[in-house]
Every structure is written in structure tokens, then in C-alpha cells.
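I open this notebook to record, entry by entry, what I looked up and what came back. The entries are meant for a reader who is meeting the structure for the first time.

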Protein chains: 2
Amino acid sequence: MYDLFFQKFNEKVPLTKDEEGFFKTYLTPKKLRKKQYLLQEGDPCNFTAFVEKGALRSYTIDEKGVERISQFALEGWTIGDLYSFLTGEPATYQIDALEDSELVLISKQAHEELLKKAPKYETYMRLQLTGAYIAMQRRLTSSISFSPEERYIAFSSLYPDIIQRIPQHMIASYLGLTPETLSRVRSKMTRK
Amino acid sequence: MYDLFFQKFNEKVPLTKDEEGFFKTYLTPKKLRKKQYLLQEGDPCNFTAFVEKGALRSYTIDEKGVERISQFALEGWTIGDLYSFLTGEPATYQIDALEDSELVLISKQAHEELLKKAPKYETYMRLQLTGAYIAMQRRLTSSISFSPEERYIAFSSLYPDIIQRIPQHMIASYLGLTPETLSRVRSKMTRK
DNA sequence: ATTTACCATTGACATATATCAATGCTTTTT
DNA sequence: AAAAAGCATTGATATATGTCAATGGTAAAT
């Protein structure tokens, strides 16, 4: 049930079996059907979710009803609304399942207790955040400096598994393009 | 010399005077003249720099010689190339001073020792990173979803001090615009 | 004090991307 | 099995932004 979670955790911070057992008491499993919400806009996000199986996305909807996807999460990734999680403010993102999924949740309460009781958890969190920060910086640079075609190419080579599993118009949304533009970019690429 | 550094540190993680004294032994002061480099592309970034006084920027230069500013840092901010700092890889960013500046450096070596010896330092780092992550997420959303005018307005209200002190064409670069476009956006705004 | 570098603005024009609309295909729902 | 929904593609057109070039002002360097 928590296999992948502990595999990833151990890659960052090695744990003994006893420690794993201790951590397990703070984790909550959750299953989600495709299209089901994990988090609705306006609710406070009182968890982070690790994806054992499946695929999710976080996104906003603007005044015109256009979806803006801010993040995908496949197996081994973590997803949530960090700002809301840390501040208790209502979430600005919505999260739902793109496929039937199995998650491992860490509630805000568990998070706070673990920070107090388990130094290894704080280290894990720091490393998680570091990775997320670097990935986001790369994406920001890409968004500001690169053309749609360059962004799509970079995305494809970084996340080939997402290209396989996720509808193209969602990738367009993630890249900040219209579906039409992405379609044209792709057709221009294959013609080359 | 380290006044602002410890003020900000204490806001995140309170320290006793003794602890401050302990931390001080790991810090290095540095002064920089306007236009001087703190970090050149290709050198590994073996420090993070806290700005006591002055202003800096980090940026890349693309094949065409165009500067892309990725970050500004005024008093109380921290700047560096986190990826390079953590991995030891050559830096992808350059950093230089926009005004005469006074910095507090934490070397990579100091960073690693502090992580081992001072749990409060790890907490401080985690909180720093969390804040940086949230700020970057906001900026990314802004970059993908908002028009140049909206981006400029958001930036102005978030960082009025930067608007005051930094040349406009650098703000354009940060926002991912040409200087001409930013100029026109501004003139359209005032005409309203 | 003079010269030089830096900077913001404006105009004319080119180009990339969005928007609106229609079509056919595939998958899901009933 | 039929209907509906979701999706990718393509065309025509509009709009926003970039590019190139010129100007005048201001601050910095000599």
C-alpha cells in the first residue's frame, strides 16, 4: 500500500523498518476514481498527497472559464496546494484525478507532529521542497524565454510518460498555449 | 554587520544570543561595487548570499546575447544559484550588483556543517525554501496566465521598491517582455 | 565642462499566437 | 446499438507582441 512512498522516502532519507512503522501511523490511504475531486477551490488544503498509482492534476479556472493546469502528478509525485496547506487559507487550486488513483495522504496535523518528533521528516520535506523549487525554476525560465515549440520539446523529453497518458489539450494548458496552437506546433515539427 | 540577517532569521526561527554567536562563525561578509560580479556563468556557486544593503540580480544570457533576468534581490533577500549550490554543477546564472552592496555569505561548506550541527538552521532553510517556492509559483502562474499589463500591475503592487530603484528595461526582462512593449503598456495605463 | 554611455519613448512593419468556426474521429455513456 | 461527449485538426481572421530604427533626455565618465 505504501510501497512507492517509502521507496521514494528512502531514496532521500534512509529509514529503518522501525522508523517506517512509526511513520505509517501518520499516513492515510485514499482511493480516487477518475474525475473525482481531491480538493475543491475554496476549501483549505489540509493534506499533501503522494501518488502511489494513477494521475492527478491541479488547476485553476479563470473568469472566462478557462482551465489553467499548474501541475500534473503521476506515480511517485506529490501534489497539493502548498500555500493553502501551510497557511490554512482557502485553496486557490483545484485538484482532481485524471485516472483512477491511489494516494497516500499526510494531513496537516500529521505534518506538524512529524516536524516536531521526527528530524528525518524535516529533512525529507526540505529535500522535497528543494527539488520542487528547482523544477519550478526551470519551468519558469522555459515559460519566459522559450517559444511554444521549444517548451513542448523540453516538456516531452523531460516527461515522456505524461505525453503518453495525458490528453494533448491539457498539456497545452500546462504550457500556456491554446490547444490549436499546440496542434499546429506539433504538425510543424513532424513535417520537418 | 549582520543585523538584518539575524533580524530575518529570528522572524523565522528565534535564536538566543549564544546561538547567534555560534552562527556568526559560519558567516562571511562581502562588499560589492555596482556592476561587480558575484557569480559568473560556469563557476560553481558555492554560497548563498543574503543582502544586507544594496541590490543584485541573477540572469542568463541567451545565444542572441539577450539578458533574461531571473531574480532581483534587495535588502533582506537571499540570492544564489540553488541548483549549482546543491549539486556542485557549474552555475547557469550570473549574478551581479545593481548598486554598491553589502552581503552575508554562507559557503557550501558552512551550509553542510550547519545542517549537521544546528537543527534550527535546517528549519530556517526549509522555511526559506517554502517562501521561495510559493513566490515562484505565483510568478509562474502570472507568467502563463496573465497579459503583460496584468503582470506589470501585479509586479508593481508586490514590489513597489523594485519599481523605484531598478531600470525599467530590467523589469521588462524579468517579466519576459521587450523594453518597448513595457513602455507601451505603461503609457496605455496612464492614458486610462 | 564635454563627451559618452545609458535609458525610455515612439513609429512602421513583421510575425506569432489567439479566436472563432467547422469537421471527423474515438471513446464513453445510455 | 445508438447517442453523446471529448478530442485533435484545419482554415480564416484578428490581435498582440516583437523587431528594427530613430530621437531626445539624463546620468556617468573623462
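Predicted model: local features only at pLDDT ≥ 70, side-chain atom pairs only at ≥ 80, totals over all residues.

**Entry 1: around DNA strand C.** I then asked which elements supply at least two residues each of the surface near DNA strand C. They are helix H9 (179–191) of chain A, together with helix H8 (168–175) and helix H9 (179–191) of chain B. The largest share of this surface comes from H9(B), with 6 residues. When I sorted the surface near DNA strand C by class, I noted 4 nonpolar, 7 polar and 4 charged residues.

**Entry 2: around DNA strand D.** I repeated the search for the other DNA strand, and 15 residues surround DNA strand D, the closest being Gln168(A), His169(A), Ser183(A), Ser187(A) and Thr181(B). Here helix H8 (168–175) and H9 of chain A, together with H9 of chain B, each supply at least two residues of the surface. I noted that H9(A) gives the most to the surface near DNA strand D, with 6 residues. By class this surface has 4 nonpolar, 7 polar and 4 charged residues.

**Entry 3: how the two protein chains are related.** Next I looked up how chain A can be laid on chain B, and the answer was a turn of 180° with a shift of 0.0 Å along the axis, giving an RMSD of 0.0 Å. That is the relation of a two-fold axis. I also recorded that 100% of the interface residues of chain A are interface residues in chain B as well, so the copies meet through the same surface.

**Entry 4: the contact between chains A and B.** How many residues does the contact take from each chain? I found 25 residues from chain A and 25 residues from chain B. On the side of chain A that touches chain B, strand S5 (67–73), helix H3 (82–87) and H5 of chain A each supply at least two residues. H5(A) gives the most to this side, with 18 residues. The residues on this side of chain A divide into 12 nonpolar, 8 polar and 5 charged.

**Entry 5: helix H5 of chain A.** Helix H5 (residues 119–145) of chain A has 27 residues and reaches 39 Å from its first C-alpha to its last, which is close to the 39 Å expected at 1.5 Å a residue. Its buried residues are Tyr121(A), Met125(A), Arg126(A), Thr130(A), Tyr133(A), Gln137(A) and Arg139(A). I noted that the buried residues of H5(A) pack against helix H4 (108–117) of chain A, and also against helix H3 (82–87) and helix H5 (119–145) of chain B.

I picked out one further residue in this helix, Leu140(A). Leu140(A) counts as partly exposed because it has 19 C-beta neighbours inside 10 Å, while a buried residue needs 20 or more. Leaving aside residues up to four places away in sequence, Leu140(A) touches Met136(B), Arg139(B), Leu140(B) and Ser143(B).

**Entry 6: strands of chain B.** I turned to the strands, and found that strand S4 (residues 56–61) and strand S5 (residues 67–73) of chain B pair in the antiparallel sense over 6 bridges. Ser58(B) stands opposite Gln71(B) in S5(B). The hairpin of S4(B) and S5(B) has 5 residues between the strands, and there Gly65(B) takes a positive phi near 85°. S4(B) is also joined to strand S7 (residues 94–97) of chain B by 4 bridges, and these two run antiparallel. In S7(B), Ala97(B) is the bridge partner of Leu56(B).

Separately, I recorded an open sheet of 4 strands in chain B, in the order S1-S8-S3-S6, with antiparallel pairing. Strand S1 (27–32) and strand S6 (78–79) of chain B stand at the edges with a single partner strand each, so one side of each is left without a neighbour in the sheet. S1(B) and strand S8 (residues 101–107) of chain B run antiparallel and are joined by 6 bridges.

**Entry 7: a backbone angle.** Last, I noted that Lys35(A) has a positive phi of about 75° although it is not a glycine. Lys35(A) is found in the loop between strand S1 (27–32) and strand S2 (37–39) of chain A. Lys35(A) is exposed, with 10 other C-beta atoms within 10 Å.

Notes: Residues numbered from 1 in each chain as written. Chains lettered and ligands numbered in written order. Least-squares fit on C-alpha atoms with pLDDT ≥ 70 in both. Contact = placed C-beta atoms within 7 Å. Expected span 1.5 Å × (residues − 1). Buried ≥ 20, exposed ≤ 12 C-beta atoms within 10 Å, placed from the backbone. Nonpolar A, V, L, I, M, F, W, Y, C, P; charged D, E, K, R; others polar. Near = placed C-beta within 6 Å. Pairing = 2+ DSSP bridges.
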